[in-house]
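Work through the exercises below with the sequence and the coordinates at hand. Each task is followed by its solution.

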Amino acid sequence: MTIYALFVLLFYSALVWFLKSLVGRAGAGLTAPVIVRYSVVFGVLVLLGLLVMVLIASQLKKHQDLLEGERIRAIESSKAKSQFLFNMSHDIRTPMNAIIGYTNLAKKEDVSATTYDYLEKIESSSQHLLGLINDILEMSRIESGRTELELEPADLCRLIAE
């Protein structure tokens, strides 16, 4: 749209120049060769302006196509990243649940205090890692649009205490 406005402005400027030149020469013997010469200059100015504007428009189109291609690649890359994180999180989550389960079973056995302390640390670390994996899964769901946020009132004091 802007290119058309520029062309109209160019055409108007060239036309004003052309008419002003003719009016300025009206008293000084306006002959047919003078009119032809000014008409040719006017036509050349308009054609040069049109050519420059076509070149600018083609460059803008190329740039726009390049940006659109980059946008599409960025979207595809984001989808691939989200899918990878989703799959990876699921693949890690299963063995983490097994580690937590076997740690809980081992804690029920008669073990020394040191071993029990180790099992507590394993369980704590496993729970923390499982929480991180669940957060990644949740972010993947949010990015892919599979999760809807539910707005509801919350007790801020209770949340801070937790």
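**Exercise 1.** Find the residues that make the nonpolar surface patch of about 540 Å².

Solution. The patch consists of Val 36, Val 40, Val 44, Leu 48, Leu 51 and Leu 55. Patch residues have over 30% relative accessible area and no salt bridge, like charges being joined within 9 Å and nonpolar side chains (Val, Leu, Ile, Met, Phe, Trp, Tyr) within 5 Å. A salt bridge puts a side-chain nitrogen of Lys or Arg within 4 Å of a carboxyl oxygen of Asp or Glu. Areas follow the Shrake-Rupley method with a 1.4 Å probe, and for residues only the protein chains shown count as cover. Helices are DSSP runs (H or I, at least four residues), numbered from the N terminus.

The model is predicted: local features need pLDDT of at least 70 and side-chain atom pairs pLDDT 80 or more, while totals for chains, interfaces and linings use all residues. Residues are numbered from 1 along each chain as its sequence is written, and side-chain values use heavy atoms, without hydrogens and water.

**Exercise 2.** Determine whether Glu 123 is buried or exposed.

Solution. Locate Glu 123 in helix H3 (residues 113–144). Its relative accessibility is 16%, so Glu 123 counts as buried (under 20% relative accessible area, 1.4 Å probe, protein chains only). Then list its contacts (heavy atoms within 4.5 Å): beyond neighbours within four places in sequence, these are Thr 103, Asn 104 and Lys 107.

**Exercise 3.** State the average pLDDT of the chain.

Solution. The average is 83, and 95% of the residues score at least 70; pLDDT is the predictor's confidence in each residue, from 0 to 100.

Conventions
Helices (H or I, at least four residues) and strands (E, at least two) are DSSP runs, numbered from the N terminus. Buried means under 20% relative accessible area, exposed over 50%, partly exposed in between (1.4 Å probe, protein chains only).
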